[in-house]
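Here is a friendly briefing to read with the model open beside you. Start with the terms, then follow the topics in any order you like.

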Amino acid sequence: METLPADQILDGLSTAVLLVELDGSVHYVNGAAQILLAASAERVRGRRTDELLGIGAPLQAALAATGERRSTTLRELTLKQSIDGHALVVDCTVSPFGWVGDGELALVELVRVDQLSRFTLETRSQERHAVSTMLIDRLAHEIKNPLGGLRGAAQLLDRELPDRESREYTRIIMHEADRLSALVDRMTGPFTTREKTCFSLHAVLEHVRRLTLADVQEGLTFNRDYDPSIPEIMGDREQLIQAVLNIVRNGVQAMDGRGEIGLLTRIRRQFTLGNRRHRHVLEARISDNGPGIPADIRENVFFPMVSGRSGGAGLGLSIAQDIVSRHGGAIECVSQPGDTRFSLYLPVEEPS
Ligand SMILES: Nc1ncnc2c1ncn2[C@@H]1O[C@H](COP(=O)(O)OP(=O)(O)OP(=O)(O)O)[C@@H](O)[C@H]1O
Ligand SMILES: [Mg+2]
């Protein structure tokens with residue numbers, strides 16, 4: 001196949017891309033970046049990124065790291081530019097690009113994150129989550145003990161009652177007590193700690209895809225975009241299947257079983273989760289083209305008992321979040337009508 005010039009490829013991307021010399025001066029800027037920065041290629045070329053973007057020090061450190069063949073993702077940076085007076089917030093990935101002439105270049109990708117509302121599992125919301133988990137555990141304990149007594153008493157009464165008609169009532173008590181007990185079990189999570197094993201994230205996604213297709217036959221398509229080079233992860237495979245299933249199921253339910261689910265995997269380098277910087281983090285992104293998360297619950301979807309569905313218990317996402325945090329990872333979600341994406345970030349344990 002004929003090789004295409006790099007700038008032709010870069011210009012065709014919808015992501016804003018700059019090629020920057022390691023001292024910070026801009027060598028090239030693609031079409032999307034010109035739109036983002038509201039400046040023509042002529043105006044930008046040769047200028048320094050610190051004056052252009054206003055993110056001097058972290059970007060300079062990331063540029064220096066590309067000299068050692070390392071990529072860095074800087075998250076939620078506020079650029080100097082603004083659009084209609086609104087701050088421009090971007091995720092910025094800086095990767096080594098190679099030599100052009102006698103200058104070494106880095107590839108800087110800027111992805112706007114302010115236009116989509118974004119709910120991250122960062123430290124503050126992790127703390128809030130820990131508090132609500134503690135409250136639920138206590139509440140669960142308070143409910144389960146008397147519930148056991150209630151059920152036992154209904155069972156004894158059931159045996160004493162002479163006629164079938166009256167036993168209907170004791171059966172209802174037992175049935176409802178069982179239902180409540182199962183609900184409390186779900187809320188407190190499936191967390192018997194099992195042995196960690198090494199497995200492929202793709203196997204998890206494929207398992208969920210097969211399960212879902214067995215359930216919904218028509219009108220649902222899966223688009224897969226897997227990075228075959230991602231390493232295996234250590235963890236509890238069954239629990240991760242549960243986490244992914246909860247997310248996929250929500251998408252399918254939101255679309256009434258008709259639409260597209262995207263499954264994507266990528267490796268992210270130098271990625272920060274909570275307060276820790278990881279060399280390698282795997283991203284599994286589950287997307288759908290359904291109506292999006294209702295605006296009134298968007299900020300709180302990861303909290304237990306928050307649901308926008310009639311008949312929904314509001315537990316699926318909080319369970320998924322718990323499972324992923326137990327793997328040292330985080331879930332992030334962006335949603336707007338027609339485009340909802342849940343990203344699971346899971347750190348790769350480096351051999352010590
Ligand atoms: N992909 C999605 N598209 C649209 N809305 C979504 C999506 N994912 C989640 N939601 C919204 O978030 C709510 C919370 O989801 P969650 O899985 O936690 O609970 P649930 O689906 O209501 O109940 P459960 O999963 O416990 O049966 C959902 O009720 C739905 O309104
Ligand atoms: Mg759900």
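Helices (H or I, at least four residues) and strands (E, at least two) are DSSP runs, numbered from the N terminus. With that in hand, strand E10 gives the largest share of the lining of the largest pocket, six residues. This is a predicted model, in which local features need pLDDT of at least 70 and side-chain atom pairs count only at pLDDT 80 or more, while totals for chains, interfaces and linings use all residues. Residues are numbered from 1 along each chain as its sequence is written, chains are lettered from A and ligands numbered from 1 in the order in which they are written, and side-chain values use heavy atoms, with hydrogens and water left out.

**Domains**
- The chain is divided into domain 1 (6-115), domain 2 (125-187) and domain 3 (193-347); such bounds come from an automatic or database domain assignment.
- Between the C-alpha centres of domain 1 and domain 2 there are 57 Å.

**The largest pocket**
- A pocket here is an open set of points on a 1 Å grid over the protein atoms alone, where a 1.4 Å probe fits, with protein on both sides within 12 Å along at least five of seven lines; lining residues have an atom within 4 Å of a point.
- The largest pocket holds about 1,100 Å³ of space, a volume being the space filled by probe spheres set on the points, which are joined across faces, edges and corners.
- It is lined by 37 residues, of which Asp91, Glu109, Val111, Arg268 and Arg285 are the closest to its centre.
- Domain 1 and domain 3 both give residues to the lining of the largest pocket, so this pocket lies between them.
- Elements that each supply at least two residues of this lining include helix H2 (31-37), strand E3 (72-83) and strand E13 (339-347).
- By class, this lining has 15 nonpolar, nine polar and 13 charged residues (Ala, Val, Leu, Ile, Met, Phe, Trp, Tyr, Cys and Pro count as nonpolar, Asp, Glu, Lys and Arg as charged, and the others, Gly among them, as polar).

**The second largest pocket and helix H9**
- About 640 Å³ of space lies in the second largest pocket.
- Among its 32 lining residues, Asn250, Gln253, Gly308, Arg309 and Leu317 are the closest to its centre.
- Helix H9 supplies eight residues, the largest share of the lining of the second largest pocket.
- Buried residues of H9 include Leu240, Ile241, Val244 and Val248 (buried means under 20% relative accessible area, exposed over 50%, partly exposed in between, with a 1.4 Å probe and protein chains only).
- Asp236 caps the N-terminal end of H9, with a side-chain oxygen 3.1 Å from the backbone nitrogen of Glu238.
- Just after H9, Asp256 takes a positive phi of about 55°.

**Helix H7**
- The 24 residues of helix H7 (residues 164-187) should span 34 Å, in agreement with the 34 Å between its end C-alpha atoms.
- Thr170, Met174, Ala177, Val184 and Met187 are buried in H7.

**Two residues to look at**
- Arg70 sits in the loop between helix H5 (56-66) and E3, and is partly exposed, with a relative accessible area of 34%.
- The C-alpha atoms of Arg70 and Arg279 are separated by 9.3 Å, although these residues are 209 residues apart along the chain.
- Thr73 belongs to strand E3 and counts as buried at 11% relative accessibility.

How values were computed: A polar contact is a pair of N or O atoms within 3.5 Å; within protein, one must be able to donate a hydrogen and the other to accept it, and residues adjacent in sequence count only if both atoms are side-chain atoms. The expected span of a helix is 1.5 Å times one less than its number of residues.
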